[in-house]
Amino acid sequence: MMTFILRRTGSLVLLLAAVSFITFTLFQLGPSDPAAAACGQECTPERVAEARVALGMDQPFLVQYADYIRGLFSSRMIGAPGAQTLCEWPCLGKSFQTNENVADIIGRSLPYTFSMAIGALVLWTISGVGLGLLAALRKGSPVDKFIVGAASVGVSLPIPVTGLFLLLLFVNQLHLLPFTTNEINSPFGPQGPGAWVANYLLPWIALAVLFSASYIRVTRTNMIETFGEDFIRTARAKGLAPRTVTFKHGVRAGITPVVTMLGMDIGLLLGGAVLTEQIFSVPGLGFTAVHAAISGDLPVTMAITMLAAFFVIVANVVVDLAYAAIDPRVRLQ
Amino acid sequence: MTQIQSVEPSIGSPPLPPATSPEAKAPAEARSLLATAWMRIRRSKIALLSLCVVVAILLFAILAPVLSAMSGNDPYTSNTSPEVLDDFQTPGLPLPGYMYPSAQHWLGVEPGLGRDLFARLAYGGQVSLTIALLSTVVSVVLGTVLGAAAGYFGGKTDAIISRIMDLFLAFPHLLLVLSLTPILQSRLRDTPLGEGSFLPMASLVIILGFFGWAYLARIVRGQVLSLREREFVEAARSFGASHLSILFRQIIPNVMGVVLVYATMLIPTNISAEAALSFLGVGVKDPTPSWGQMLNAAQSGNWYLSDPWFLAVPGVMLIVTVLAFNLLGDAVRDALDPKASRH
């Protein structure tokens, strides 16, 4: 077990390093002139040249990358010689637009993204796994066919369409829920948990509709497969109660692919639900990334992309470790 | 049903000539892949229906110039006259006779600019579907060739390609695609691809195609790992066939079934991706229509709250298209890849 964790952590560090290097390369070498982008629309050639020095782009590429990585571990000075300012740890550069520390921008956006992710996650896991299990237990019945049909429609619903439709119906027409506000980003705020739920309920539903559809499919397929296996027959033959067979033996073995998906999706969602945040104007990581991308604010988009990839990779490792805990058939050597 | 079945022999494969020579064998097998798929799809009502819907949508997009000429409109001309758009109550909102379908404007007009929605939907379909299909082609070619090369050559080639696949799968696609599209556009602006409305289309095809190949490559690699040990590959090798010839003549034709399945599933993903990016404002931009751009137009300025029809037109079209392609994809998978079927 210990060696397994060590080995996975080792490859994790390597992968994270590779991801950071590739993202950095794409963003630094990608645009024809990041300095011009930083400088803005009406910029004289001299000012562009100054901006290039200020951004450290007169340095060799590898030096720039090393500087960037150094900022992850300690504060560093940033800017042109003579006009340097302190970029406090963790330093991810400064925004081209506001000159604010990118880490601060990310820190401000994270609570919104967490709020979006956690409720959607709970909603779609319960509905997806529950309905998938129900369909598997009633395989071939009208209930099963209805659930499978609904899942097919669910995966085909684009978030912009469902999101705008939900806003139109529940907020604009029925007045059941308020338009989302920036003031609430935690259930423990002064407005209380009720306002938090009301604020994020529609984004949660929009995300859950799309995600639960694929959870239904995966849960159903795997449970049907598991229920057909020998150890289930043995458990039944031993005279165990159907409920025990279904949950203690069946679900524990058949749920592992769902855990994989869940881990990956949590990782993905923590990087920002780009579309949903945009539609409901929730200023999380995805929303921030869209606006930075459109306005050419490279340090911000780069840092968020890197962070999002980190979340996915870490989630992957956590999933591997969780396997052993859930499925008794998996033994790590 | 019976009618379709009686027509079938002319659509399906004609009686095959007896396979006397190896040359006659190859085309027969290539045909039998599609013929098998068609035979099985024909049996399912849902699959047939989705196939018909897909064909209808493709025709709708291809015939956009003809259809909008028939309706007497084009996607770019604004009709902002006071008879069409409201000047007083909600400025820019179409008057009741023009908000919804009418003889003059088959799907009504846009609020604000007063352009014909039917023409924009049809021309937008051309743009959206072209982007989705071309980017799928790019992904499929990259995924098949790289996946097959990784599986066939093994060793270092496999290690390198597989690590690249892992990296591509680790990146959050939408975020990366979103932030790289403006960068790519600034790079393409001075090239022949950077002409006017062509630029966003070309950049979306490149970006979506480039980020969509890894999953398919992994599947192809797995298939090729077992294929390369088979007797017919051994035979080709003993005849002195080169690696490239074995790869393209023996290996890749044998994974076409899987490739076809994943290509059909990639198309709806790319349609949604185009819609998402254009909706976010980094893809196709006004005045060029696409289904995503139309969603963007419906959200901007909150028009959809006072004119829900404006959201419904591209929204329903998008849902129907993605659903039809998804169901067709399921059917193709069930037909060609019985192991992956959903019981």
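## About the model

This is a predicted model, in which local features need pLDDT of at least 70, side-chain atom pairs count only at pLDDT 80 or more, and totals for chains, interfaces and linings use all residues. Residues are numbered from 1 along each chain as its sequence is written, while chains are lettered from A and ligands numbered from 1 in the order in which they are written.

The model scores ipTM 0.84 and pTM 0.85.

## Where the chains meet

Chain A brings 39 residues to the contact and chain B brings 37 residues; two residues are in contact if their C-beta atoms, placed from the backbone, lie within 7 Å. Several helices of chain A each supply at least two residues of the side that touches chain B, among them H1 (2–29), H8 (192–227) and H14 (298–326). Helices here are DSSP runs of H or I, at least four residues long, numbered from the N terminus.

H14(A) gives the most to this side of chain A, with seven residues. By class, the side of chain A that touches chain B has 27 nonpolar residues, 12 polar and no charged ones. Ala, Val, Leu, Ile, Met, Phe, Trp, Tyr, Cys and Pro count as nonpolar, Asp, Glu, Lys and Arg as charged, and the others, Gly among them, as polar.

## Confidence along chain B

Over residues 1–29 of chain B, pLDDT stays under 50.

## A hardly covered helix

Helix H11 (residues 231–238) of chain B has eight residues, and the count of buried ones is zero; buried takes 20 or more other C-beta atoms within 10 Å of a residue's own, with C-beta atoms placed from the backbone. After H11(B) comes B:Gly240, with a positive phi near 90°.

Definitions and conventions:
Buried ≥ 20, exposed ≤ 12 C-beta atoms within 10 Å, placed from the backbone. pLDDT = per-residue confidence, 0-100.
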